[in-house]
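The following paragraphs lead through a protein model step by step. Please keep the sequence and the structure in view while reading.

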Amino acid sequence: MTVSLGRRRTATFALFFLPGLAMASWVTRTPDVRDLLGASTGRMGLVLFGLSVGSMVGILCSGPLVARWGARPVIAAGTLATAAGSAVIGLGAAAGADAVAALGLGLIGLGMGGGEVALNIEGAEVERLLGRSTLPAMHGFYSLGTVVGAVGGMTLTALSFPVLWHLAIVTAVVAAVLMPMIRYVPAGVGRRTGNGRNGSGSATHAQTSAGPAVWREPRLLLIGGIILALAMAEGTANDWLPLVMVDGHGFDPALGSAVYAVFAASMTVGRFAGGRFVDAYGRAAALCASAVIGAAGIALVILVDNQAVAAAAAVLWGVGASLGFPVALSAAGDSGDNSAARVSLAATLGYVAFLVGPPSLGHLGEQFGLRNALFLVLILVVAASFATPAARTAHPARTP
């Protein structure tokens with residue numbers, strides 16, 4: 001069927017919202033899941049490794065799958081895997097089974113790693129058709145999903161609502177919203193066809209010849225490095241912020257979840273407001289500001305032993321991490337021909353953060369404490385601030 005651009009944009013907003021809802025719903029119950037499993041910080045790092053493995057499998061498969069089938073089926077399959085993963089985490093927690101909880105996290109990682117690469121390819125195409133910065137708002141809906149999920153999780157944590165039933169409800173909601181929305185994503189976006197054009201009609205080189213050339217471009221790899229660092233900052237908060245607040249700053253579990261909700265709200269505001277900043281000052285300035293603000297927030301969480309300062313620092317951390325992924329993806333897609341391959345590569349480099357982040361921080365946290373483990377993230381974000389000039393537009397706009 002023919003889909004209007006307005007409905008297509010609305011569907012993309014909704015599809016970004018769903019993984020944010022699922023992710024935050026599980027994250028806010030992290031302390032409860034940890035207690036139900038009876039896991040130490042090191043064991044939780046191993047459980048979270050399921051998320052890392054699933055993410056890596058998803059991101060490695062997503063590009064070839066989109067090139068073969070288009071973005072729509074990959075988005076659908078990824079969102080369904082994310083929904084199923086939420087329910088499996090609940091089952092694992094209820095049974096006190098580390099392996100089952102890790103499997104659930106693996107499904108979430110598989111769904112988000114694969115589905116979101118495809119979703120970003122669709123989002124970049126919608127942004128191109130609209131002719132203005134739109135990816136930040138799309139990722140804003142992801143963050144809005146995290147806010148809704150975090151507020152719900154915080155409330156249900158305070159009420160001691162069972163983790164299993166909470167995550168089962170989330171599974172049902174995600175599946176119910178996906179079904180009507182996915183039909184507004186046109187078939188064939190990002191798909192490589194024999195005539196050298198992708199499914200959206202934009203000119204592209206064959207995947208086999210374009211891929212190696214993309215991998216060899218230093219500028220694109222720098223943009224990917226920015227995405228990796230700021231995705232690491234975002235992903236670290238998603239995985240560990242409630243526990244950092246509980247174990248590192250003495251918050252009770254409900255308040256630890258509340259600080260994560262503050263972080264998610266700050267991400268949301270930054271992404272919805274960020275499009276105008278990008279249009280006014282450019283991508284490089286937006287990314288540099290994001291890195292500096294995010295680094296300040298992370299440093300305060302590490303260095304200042306005060307609960308009020310830690311909660312306020314979560315605002316800086318959220319605002320700083322908000323624009324990194326979407327703005328750098330836009331820069332990657334605009335860095336040359338074959339936008340789908342460039343977005344796929346940059347998103348893949350960013351999602352590597354989900355592979356190295358949870359187990360690395362879990363191991364470091366076991367040895368040095370979670371707050372000190374955040375120094376790794378801080379160093380990456382500071383380094384990213386020096387790479388942001390790579391995001392400047394340095395070529396004429398591509399033509400369809």
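**A guided reading of the model**

The charged end of Arg-68 lies over the ring of Trp-69, at 4.1 Å from the ring centre. A charge is said to sit over a ring if NZ of Lys or CZ of Arg is within 6 Å of the ring centre and within 35 degrees of the ring normal. This is a predicted model, in which local features need pLDDT of at least 70 and side-chain atom pairs count only at pLDDT 80 or more, while totals for chains, interfaces and linings use all residues. Residues are numbered from 1 along each chain as its sequence is written, and side-chain values use heavy atoms, with hydrogens and water left out.

The chain as a whole comes next. Its secondary structure consists of 16 helices and 0 strands, where helices (H or I, at least four residues) and strands (E, at least two) are DSSP runs numbered from the N terminus. Of the 400 residues in the protein chain, 57% are buried; buried means under 20% relative accessible area, exposed over 50%, and partly exposed in between, with a 1.4 Å probe and protein chains only. The accessible surface of the chain amounts to about 14,500 Å², and 68% of this belongs to carbon and sulfur atoms. Accessible areas come from the Shrake-Rupley method with a 1.4 Å probe, and for residues only the protein chains shown count as cover. Among contacts (heavy atoms within 4.5 Å) between residues at least 6 apart in sequence, 82% join residues at least 24 apart.

Phe-13 is found in helix 1, which spans residues 5-27, and is buried because its relative accessible area is 14%. Leaving aside neighbours within four places in sequence, Phe-13 is in contact with Thr-134, Ala-137, Met-138 and Phe-141. Although Phe-13 and Phe-141 are 128 residues apart in sequence, their C-alpha atoms are 5.8 Å apart in space. Ser-25 also lies in helix 1 and is buried, with a relative accessible area of 1%. With neighbours within four places in sequence again left aside, the contacts of Ser-25 are Gly-149, His-166, Leu-167 and Val-170.

Aromatic rings form a further theme. Rings of Phe, Tyr and Trp (its six-membered ring) pair if their centres lie within 6.5 Å; planes under 30 degrees apart count as stacked, over 60 as edge-to-face and the rest as tilted. Ring pairs link Phe-13, Phe-141 and Phe-272 into a cluster. A search of the whole structure finds 5 aromatic pairs. The pair of Phe-277 and Tyr-281 is tilted, because the ring centres are 4.8 Å apart and the planes stand at 45 degrees. These two residues are 4 residues apart in helix 10 (residues 253-281), which means that about one helical turn separates them. Phe-277 is partly exposed at 33% relative accessible area, whereas Tyr-281 counts as exposed at 59%.

Charged residues come next. Side chains of opposite charge can pair when their charged atoms come close. A salt bridge is a side-chain nitrogen of Lys or Arg within 4 Å of a carboxyl oxygen of Asp or Glu, and by this rule the count comes to 8. One of them joins Arg-8 to Glu-122, with the closest N and O atoms 2.7 Å apart. Arg-8 lies in helix 1 and Glu-122 in helix 5 (residues 98-130), so this pair ties together parts that are 114 residues apart in sequence. Arg-8 is buried at 9% relative accessible area, and Glu-122 is buried at 0%. Asp-98 and Arg-43 also meet in a salt bridge, at 2.7 Å from N to O. Since Asp-98 lies in helix 5 and Arg-43 in helix 3 (residues 41-69), the pair ties together parts that are 55 residues apart in sequence. Asp-98 is partly exposed, with a relative accessible area of 22%, and Arg-43 is partly exposed, with 33%.

Ser-290 lies in helix 11 and is buried, with a relative accessible area of 4%. Not counting residues up to four places away in sequence, Ser-290 touches Val-319, Gly-320, Leu-323 and Gly-324. Val-319 lies in helix 12 and is partly exposed, with a relative accessible area of 30%.
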